[in-house]
Amino acid sequence: MCTKRGALIIFEGLDRIGKTTQSKLLSNYLSEECGILCERLAFPDRSTQIGSLIDNYLQRKIEFNDHTIHLLFSANRWECMDSMREKLLQGYTLIVDRYAYSGVAFSQAKGLDKKWCQSCDIGLIKPDLVLYFNRGIQSNCLSYTGDERYETKQFQEKVESQFEQFRSSSHQWKDINVINSDNTNMRDKESIQNEIRLYVKESLEKIKSNNIEELWK
Ligand code: NYM
């Protein structure tokens, strides 16, 4: 029997911008209302041994230098590639909270070289769709009071300007504006979800073969 492969759909953006809520809503919608095989994952995947090192680093329990932690984030993606490829070929659509774009944007915000950052993730599975949660650079609607590393307003602004570089670099990249047009409030969850569903539908329809491409090649 010939099964069409699933799609790789990535949610990207700053911390606390609503990616997790929206990716869960999408995953439930696809599996429960559309009957589409679907799984949701997140990077970092804190359940693996490498993920546990990353978790300890983010919680400030251990230290790594910036290059080392970048490599660990990348390794954490690579260790999942075989099972992700297998799932896609079985027909599962994978909804993934963060991917290599976060890897590059967060490390570049710390001053690491872009080419070096990207090189570690060359050859990962190429996404069919990247939904970038965008707040508009001027908005103050998000507040950062978290305890994890990186959760400060100042650092998030640096990350945001690094994310910008990807926006026009790929036709799989779609901006989801999470702030209302008056720039004062978050848009309601339903309208964001409806916009996401349209992009996802379009992306699923475009998959015509089982071919899986490689990222940044
Ligand atoms: N992060 C995430 C990175 O710095 N590099 C990466 O490659 C990835 C995938 O980890 N602040 C950062 C972004 C977040 C933090 O992610 C934890 P989350 O989605 O809050 O679990």
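Is Phe155 buried or exposed, and what is the relative accessible area of Phe155? Phe155 is buried, with a relative accessible area of 13%, where buried means under 20% relative accessible area, exposed over 50%, and partly exposed in between, computed with a 1.4 Å probe on protein chains only. This is a predicted model, in which local features need pLDDT of at least 70 and side-chain atom pairs count only at pLDDT 80 or more, while totals for chains, interfaces and linings use all residues. Residues are numbered from 1 along each chain as its sequence is written, and side-chain values use heavy atoms, with hydrogens and water left out.

**Ligand surroundings**

- The ligand is surrounded by residues that include Asp15, Phe43, Pro44, Arg46, Arg98, Phe106 and Tyr150, a residue being near a molecule if one of its heavy atoms lies within 4 Å of it.
- A side-chain N or O atom of Asp15 is 2.9 Å from a nitrogen atom of the ligand, a polar contact being a pair of N or O atoms within 3.5 Å.
- An oxygen atom of the ligand lies 2.9 Å from a polar side-chain atom of Arg46, and an oxygen atom of the ligand lies 2.8 Å from a polar side-chain atom of Arg98.
- Of the 480 Å² of accessible area that the ligand has on its own, the protein covers 88%, with areas taken from the Shrake-Rupley method with a 1.4 Å probe.

**Backbone features**

- Most residues other than glycine have a negative phi, and most peptide bonds are trans.
- Phe43 and Pro44 are joined by a cis peptide bond with omega about 0°, and Pro44 is placed in the loop between β2 (38-42) and α2 (49-58); helices (H or I, at least four residues) and strands (E, at least two) are DSSP runs, numbered from the N terminus.
- Arg98, in the loop between β3 (93-97) and α5 (100-109), has a positive phi near 75°, and Arg98 is buried at a relative accessible area of 13%.
- Trp216 has a positive phi near 60° and lies in the segment after α8 (189-206), where Trp216 counts as partly exposed at 27% relative accessibility.

**Aromatic rings and charges**

- Across the whole structure, a search finds 13 aromatic pairs, in which rings of Phe, Tyr and Trp (its six-membered ring) have centres within 6.5 Å, and planes under 30 degrees apart count as stacked, over 60 as edge-to-face and the rest as tilted.
- Phe106 and Phe155 form a tilted pair, 6.1 Å centre to centre with 50° between the planes, and this pair links distant parts of the chain, with Phe106 in helix α5 and Phe155 in helix α7 (residues 153-167), 49 residues apart.
- Tyr150 and Phe155 form a stacked pair, 5.1 Å centre to centre with 20° between the planes, and both Tyr150 and Phe155 are buried.
- One aromatic cluster is formed by Tyr101, Tyr132, Phe163, Phe166, Trp173 and Trp216.
- Arg149 lies over the face of Tyr57 at 3.8 Å from the ring centre, and Arg197 lies over the face of Tyr29 at 3.7 Å from the ring centre, the rule being that NZ of Lys or CZ of Arg is within 6 Å of the ring centre and within 35 degrees of the ring normal.

**Cysteines**

- The count of disulfides comes to zero, a disulfide being a pair of cysteine sulfur atoms within 2.5 Å.
- Cys38 is in no disulfide, as the nearest cysteine sulfur, that of Cys34, is 9.3 Å away.

Notes. Polar contact = N/O pair within 3.5 Å; in protein donor to acceptor, adjacent residues only side chain to side chain.
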